[in-house]
Amino acid sequence: MAHLLPHNIPILIVGGGASGYFAALQAAESVPGHQIHIVEKGSQVLTKVRISGGGRCNVTHACFEPRELASHYPRGQKELLGPFHQWQSSDTVSWFMDRGIALKTEPDGRMFPITDLSSTIVDCLENEARSKGIVVHTQKEVVNLLPEDSGHWQVQFKDDGTIRAHQCLWAGGGMQSRQVIRMMEAIGHQVIPPIPSLFTFQVNDRLIEGLQGLSIEDVSSHLPWCDIRSHGPLLLTHWGLSGPAILKLSSWAAREIHDREGPFHCHIHWIPWVRQPSENLKHYAGTHGKKHVSNAVPFRLPKRLWHRMLERCKVPANTPWNQLGPRMLEALVDCLTHTVFKVDGKSRHKEEFVTCGGIDLRDVQPKTMESRQTPGLYFAGEALNVDAETGGFNFQAAWTTGHLAGSALARRWLAEHP
């Protein structure tokens, strides 16, 4: 990838991630034979693709109805509905299948390459780029974009001077650099300040201490102070709470949590699928009468977690179920349905680190991802104020916006060069 940057570039893609690569490939299919260059600030391209899903790459989600698909995006839900009618999960699956890459669907809807290797997706994208003559440059950091009267762009690099690009697409990831934010604001764009989304909760509580690795299949999580809820599997970790129930909650409440600036409380309902917990527990006590409460565990809960609940409710472990008084039963029901955790902080969730924030979607044409402020500049991926729940949805936004931006950029090139 050690290529020299030419002074004049027909089509320039800034950012060598999923959306940048996909945009370049869509453009190359429409304007074959014209040089397309990808410039990447880092030393490696497709970094998140490589590490996503624990190295398996969660390509997309098996959600094939555009409105339902859009409902998984806290930022971009309304604006992505139109784009998903143009390119959605089924199109992504077909695109990879057409190139010999089969995807499989897990029970929770996540879709991975059948090989369970992210290198399968990386190799596919890189091979496609090579076959189409796309030139990739690494360690090329863009520090300024200046529009010309002609509609072309002066692109300044940190260590490589300035070049001229006829068409420019920005897919440079989350807008976390002050320099990039100032650059975008200078050309008329409002940048929503980026903050973390999709993170885990740091909790120090005796109830879960030492229980790392335990998973509870379906809980309800709730932030009552902003009335945001989520549900799904919960994972106990050495630092606190994780799993889809927490990651989804953090995604939808990212701004509220950030603005709160300090500890907050999260409520967990461990058995939301039980309609009448009090009656069910009384019935369980009646049918397991002489068994000790520590040995007969209700509601498919992990035994070690149940023992901690007994401890918290001051219920002796050797108490027979038929000797539980009303107060003990009430305390257990309250713990099962309304455990309150103090959250002291948030932690990055491995490779699933995502930001919310970026280019305001009101500044972008939804069908083309072209800037409303500076025509001829396109955006894709995390550069936009779009983010989603965990489960392949963020990659789907990358494929969709990359497809639309790359296709529209190519149409503009053809119109200018008939």
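A: Let's start on the outward side: the exposed residues Arg178, Arg182 and Ala186 sit on the face of α7 that is turned away from its buried side. Exposed here is over 50% relative accessible area, buried is under 20%, and partly exposed is in between, with a 1.4 Å probe and protein chains only. Helices are DSSP runs of H or I with at least four residues, strands are runs of E with at least two, and both are numbered from the N terminus.

Some ground rules: this is a predicted model, where local features need pLDDT of at least 70 and side-chain atom pairs count only at pLDDT 80 or more, while totals for chains, interfaces and linings use all residues. Residues are numbered from 1 along each chain as its sequence is written, and side-chain values use heavy atoms, with hydrogens and water left out.

Now the other face. α7 covers residues 178–186, and its buried residues are Val180, Ile181, Met183 and Met184. They share one side of α7 because they cover an arc of only 160 degrees around the axis, the arc being that of the directions from the helix axis to the C-beta atoms. An α-helix has 3.6 residues a turn, so residues three or four places apart point the same way.

What do the buried residues of α7 pack against? The partners are β7 (142–147), β9 (162–170), β10 (191–197), β17 (354–359) and β18 (377–379), where contact means heavy atoms within 4.5 Å.

The ends have their own details. At the start of α7, the backbone nitrogen of glutamine 179 has a side-chain oxygen of serine 177 within 3.2 Å. After α7 comes glycine 188, with a positive phi near 100 degrees.

For cysteine 57, the nearest cysteine sulfur is that of cysteine 124, 11 Å away. Cysteine 266 has its closest cysteine sulfur in cysteine 226, and at 9.7 Å that is too far for a bond. Cysteine 266 is also buried, at 0% relative accessibility.

Next along is histidine 267, in strand β15 (residues 264–269), and it counts as buried at 16% relative accessibility. Its side chain makes a polar contact of 3.0 Å with that of histidine 338. Polar contacts are N or O pairs within 3.5 Å; within protein, one atom must be able to donate a hydrogen and the other to accept it, and residues adjacent in sequence count only if both atoms are side-chain atoms.

Technical notes:
A disulfide is a pair of cysteine sulfur atoms within 2.5 Å.
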